[in-house]
Amino acid sequence: MPKLPTIHSQQLIAETRLFRVEQLQLEFSNGQQRQYERLLGGERGSVLVVPMLDDDTVMLIREYSAGSNDYQLGLPKGRMEAGEDPLQAANREIREEIGYAARELRLIKTFTIAPAYIRHQTHVILARHLYPDKRPGDEPEPIEVVPWKLSNWDDLIGQADFTEARSIAALYLIRDHLGTR
């Protein structure tokens with residue numbers, strides 16, 4: 001494993017309600033010095049939940065995505081709140097977004113997103129043995145819940161509004177985990 005660069009300075013150069021940009025002055029082991037910038041994600045990270053209604057049916061959601069200015073089909077997700085671990089955050093998010101809670105929650109994998117530019121972790125959680133338990137969330141409009149059979153994987157991948165890489169990767173992992181390929 002290569003030696004990590006020495007960080008000579010770190011400075012917050014921009015901040016909004018959602019994003020913080022940090023500038024780093026780095027020196028690499030060969031003496032080269034560079035200035036990098038990175039987005040700082042939430043310190044606690046976020047969860048991406050794969051709620052399985054049964055061994056073949058995943059509960060997807062369709063909601064507005066500001067980054068692409070359209071409605072996207074994907075998995076329930078959200079940031080972890082203060083005092084929550086990933087499993088607690090996952091159960092809260094599915095209560096708010098799909099109206100179910102889970103009796104069984106399991107951390108499957110922790111992802112990074114563009115780690116060259118963003119310091120953030122997303123925890124992929126498998127939620128099983130669901131039961132109705134709707135809680136109010138912070139969404140500005142109702143979220144459409146879309147049950148989808150994993151056995152119809154090819155149709156899902158072909159959906160024009162199913163493009164989020166994290167959701168696609170998480171479902172590949174879950175299909176392998178559940179043996180539903």
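1. A quick definition before we start: strands here are DSSP runs of E covering at least two residues, numbered from the N terminus. Keep in mind that this is a predicted model.

2. With that in hand, take His8, which sits in strand β1, residues 6-15.

3. Setting aside neighbours within four places in sequence, His8 touches Gln25, Leu26 and Glu27. With Glu27 there is also a polar contact, side chain to side chain, at 2.7 Å. Leu24 lies 16 residues from His8 in sequence, with 7.5 Å between their C-alpha atoms.

4. Leu24 turns up again in the second largest pocket, as one of the residues nearest its centre, along with Leu4, Pro5, Arg38 and Pro115. This pocket holds about 420 Å³ and has 20 lining residues: 13 nonpolar, 3 polar and 4 charged. β2 (20-27), β3 and β9 (118-119) each give at least two residues to the lining, and the largest share, 3 residues, is from β3.

5. On to the largest pocket, at about 1,900 Å³. Its lining runs to 46 residues, and those closest to the centre are Leu18, Lys77, Gly78, Arg79 and Arg166. By class, the lining has 19 charged, 15 nonpolar and 12 polar residues. Elements supplying at least two lining residues each include β3 (33-40), β5 (57-65) and α1 (86-97).

Note on methods. Residues numbered from 1 in each chain as written. Predicted model: local features only at pLDDT ≥ 70, side-chain atom pairs only at ≥ 80, totals over all residues. Heavy atoms only, no water. 1 Å grid on protein atoms, 1.4 Å probe; cavity = no way out; pocket = protein on both sides within 12 Å on 5 of 7 lines; lining within 4 Å. Points joined across faces, edges and corners; volume = space filled by probe spheres on them. Helix = DSSP H or I, 4+ residues; strand = E, 2+ residues; numbered from the N terminus. Nonpolar A, V, L, I, M, F, W, Y, C, P; charged D, E, K, R; others polar. Contact = heavy atoms within 4.5 Å. Polar contact = N/O pair within 3.5 Å; in protein donor to acceptor, adjacent residues only side chain to side chain.
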